[in-house]
Amino acid sequence: MNLDSTDSLLAPPTGPLQISEFLPADVDAGGIYLSLVIPTYKERDNIQNVVRILSQLLDEAMSTTGCAYAIDYELIVVDDDSPDRTWEVAQSLIAEYPQLRVMRRQQERGLSSAVIRGWQVARGNVLGVIDGDLQHPPEVLMELFRKIEGGADLAVASRHVEGGGVSSWSIVRRFLSRGAQVLGLIILPGVLGRVTDPMSGYFMVRRQAIAGATLNPVGYKILLEVIGRGNVEEIAEVGYVFCERKEGESKVTWKQYVDYIHHLIRLRVSTGRLGKLTENINFPIGRFLRFGLVGLSGVFVDMAMLYLLSDPATLALPLTRSKIIAGEIAIFNNFLWNDAWTFADVSMRQQEGHQRLKRFFKFNIICLAGLVLNVLVLNLVFNFLIPNRYIANLIAIAIATIWNFWVNLKLSWRVTDVK
Ligand SMILES: Nc1nc2c(ncn2[C@@H]2O[C@H](COP(=O)(O)OP(=O)(O)OP(=O)(O)O)[C@@H](O)[C@H]2O)c(=O)[nH]1
Ligand SMILES: [Mg+2]
C-alpha cells in the first residue's frame, strides 16, 4: 500500500490516562466539535463501511443542522496493532475522508485504554465512542448529539430504554448481561444506578466533565469509569437495538467478566470514603488489598504443608522442624504472588535473577521481623489491654500485616526499582 506523509499515523500518547481540559487554539470553543473514537481489533472487513457510513451521516448532519454556532467533527480509529492490519486499511482511507485520523498502538492493549488514548489526542469539546463492527446503529449518533446540544454532560445509547433492545442474543448472554448489571448495582449503586445501560459502549460526553480526572479502567466497560470518576451532572439516554455482527469475530471472552468484577471493586475502593481517606494519607489501598489476599493464600499453604510434613498419617516429622519448612514454603508462595501480582509494575522492570533473589531475601527478613512483632504485640495486647487471646491475636496479625506490607513496599520492591 502506498501512503504519503499526510496519511501518517497518530503517535499513541503515554503516561497517565488523563484528558486535558484545553482545546487546540484553532478550535472554536463556542461551537461543538465532536471527536468520535472507533476502537478496533481485527475489524478489517468492517472498517471501511464504518468510516463511510459515519462520515456521510456526520457530513450531512453538519451541513443541514441550522445551528447558530460552528459544528465540526473528526473520527479517530484506535487500533491495537491488529494482525489483520486494520490500521493499514483505515490509514488508506484518510485521503478520501480527511476527518479521519488513525492510531496504531503497539505497546498497550485493551478496549478501554484504547478509547482514552484516542480521546487524549482528540481536538473536540465533545468526546464519543462507537464500536467498529456496525453493531451500534450509526443513525443513533445524531440523537446522542442532540442530547448534548440540549445541555446533557453525557448522552448514552441504551438497550434498556424505550426503543432499545438486543437483536439476537442467546438467553445465556442476556442472563449474564443482566446478572452483571445486578452485581454492579450491589457493589457500586452510585455509578450503575445512574443509567439504565451502564454496560453501553456507545456514548458521548463533554470533555469538561472528564478533564483532569485520572481514569484507570480494566476491561471493556469504559462508561463506568466516565461516570465513576468524571464530574457528570446531567445524563440523557437514547434507545437503540444492538445489531448482529455481520463481519469479523467477537472478542468477548470469559476474561471480560473477570475484568468487569475487578473494575467494579477497584472503582468502589478508590471512589468510596475509604478511597478518599487513603488518597489523602497517600496509602496504596489496592496494593494493600492484594498483599492481604496473598497473605491469606500463605495461611492455606502453611496449613497444608504442616499437615503433609507433621501429621502422623503422612510424613510424621517433628512439629518444630515441620513448622519451619511449612513457614518458609508459605513465604516463598507469598513472595511469588507478590512479585507477579501485588508489585508486578515494579518487578516487571527488574526481572533479572539476582534482582529477584535480592527481593526474596529482603522479603524473608522482613517477614521474620514481622513474626517477632506479631508475638510482641500479641503479648502486650493480651497482658495489658484486652485479656482475650483471639482478639489480641487478630490485632497482632493486623499490625504485623501492615508492617510487612509497608516495609516491603519501601525496601523490597522499591530500592530495587532504582536503576
Ligand atoms: N483497540 C481495541 N479495540 C478493541 C479491543 N477489543 C475489542 N475492541 C473493539 O471494540 C469494539 C467492541 O468489541 P466486540 O468484540 O465487538 O464486543 P461486543 O460488541 O460487546 O461483542 P460482540 O457482540 O460479540 O461483537 C469492536 O470495535 C472491537 O474491534 C482491544 O483490545 N483494543
Ligand atoms: Mg461487537
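This is a predicted model: local features need pLDDT of at least 70, side-chain atom pairs count only at pLDDT 80 or more; totals for chains, interfaces and linings use all residues.
**Entry 1: overall layout**

I started with the secondary structure. The protein has 15 helices and nine strands. Next I took the box around the C-alpha atoms. Along the principal axes it is roughly 85 × 45 × 45 Å. I then looked up burial. Of the 419 residues, 44% are buried. For contacts between residues at least 6 apart in sequence, I found that 79% join residues at least 24 apart.

**Entry 2: surface and charge**

The protein exposes about 21,800 Å². Carbon and sulfur atoms supply 60% of that area. I counted the charged side chains too. There are 42 positive and 42 negative ones. The centres of the two sets lie 10 Å apart.

I stayed with Gln135. It is found in the loop between strand E4 (126-129) and H4. Gln135 touches Tyr240, Val241, Phe242, Cys243, Glu244 and Arg245. I also checked Gln135 against Ser167. The two are 32 residues apart in sequence, and their C-alpha atoms are 9.9 Å apart in space.

**Entry 3: nonpolar cores**

In soluble globular proteins, nonpolar side chains tend to be buried together. I looked for such groups here. The largest nonpolar core has 39 residues. Leu75 and Leu100 touch the most other members. At least two residues each come from strand E1 (32-40), helix H1 (44-64), strand E2 (71-79), helix H2 (86-92), strand E3 (100-104), helix H4 (140-149) and strand E5 (154-158). H1 gives the most to this core, with seven residues.

I then opened up Leu100. Leaving aside neighbours within four places in sequence, Leu100 is in contact with Val51, Leu75, Val77, Ala90, Leu93 and Ile94.

**Entry 4: positive phi in one loop**

Most residues other than glycine have a negative phi. I noted two residues that depart from this. Asp81 has a positive phi of about 55°. Arg85 has a positive phi near 60°. Where does Asp81 lie? Asp81 is in the loop between E2 and H2, and Arg85 lies in the loop between E2 and H2 as well. Arg85 is partly exposed, because its relative accessible area is 37% and that class runs between 20% and 50%.

Gln256 lies in helix H9 (residues 254-271). Its relative accessibility is 17%, so Gln256 counts as buried. Not counting residues up to four places away in sequence, Gln256 touches Tyr220 and Lys251.

Last, I looked at helix H12 (residues 319-342). Its buried residues include Ser322, Ala326, Gly327, Ala330, Ile331, Phe335 and Thr342. Asn333, Asn334, Asn338 and Asp339 are buried there too. What do the buried residues of H12 pack against? I found helix H11 (285-310), helix H13 (344-347) and helix H14 (353-385).

How values were computed:
Residues are numbered from 1 along each chain as its sequence is written. Chains are lettered from A and ligands numbered from 1 in the order in which they are written. Side-chain values use heavy atoms; hydrogens and water are left out. Helices (H or I, at least four residues) and strands (E, at least two) are DSSP runs, numbered from the N terminus. Buried means under 20% relative accessible area, exposed over 50%, partly exposed in between (1.4 Å probe, protein chains only). Contact means heavy atoms within 4.5 Å. Accessible areas come from the Shrake-Rupley method with a 1.4 Å probe; for residues, only the protein chains shown count as cover. Lys and Arg count as positive and Asp and Glu as negative; His and the chain ends are not counted. The place of a charge is taken as NZ of Lys, CZ of Arg, CG of Asp or CD of Glu. A nonpolar core is a set of buried Ala, Val, Leu, Ile, Met, Phe, Trp, Tyr and Cys residues joined through side-chain atoms within 4.5 Å.
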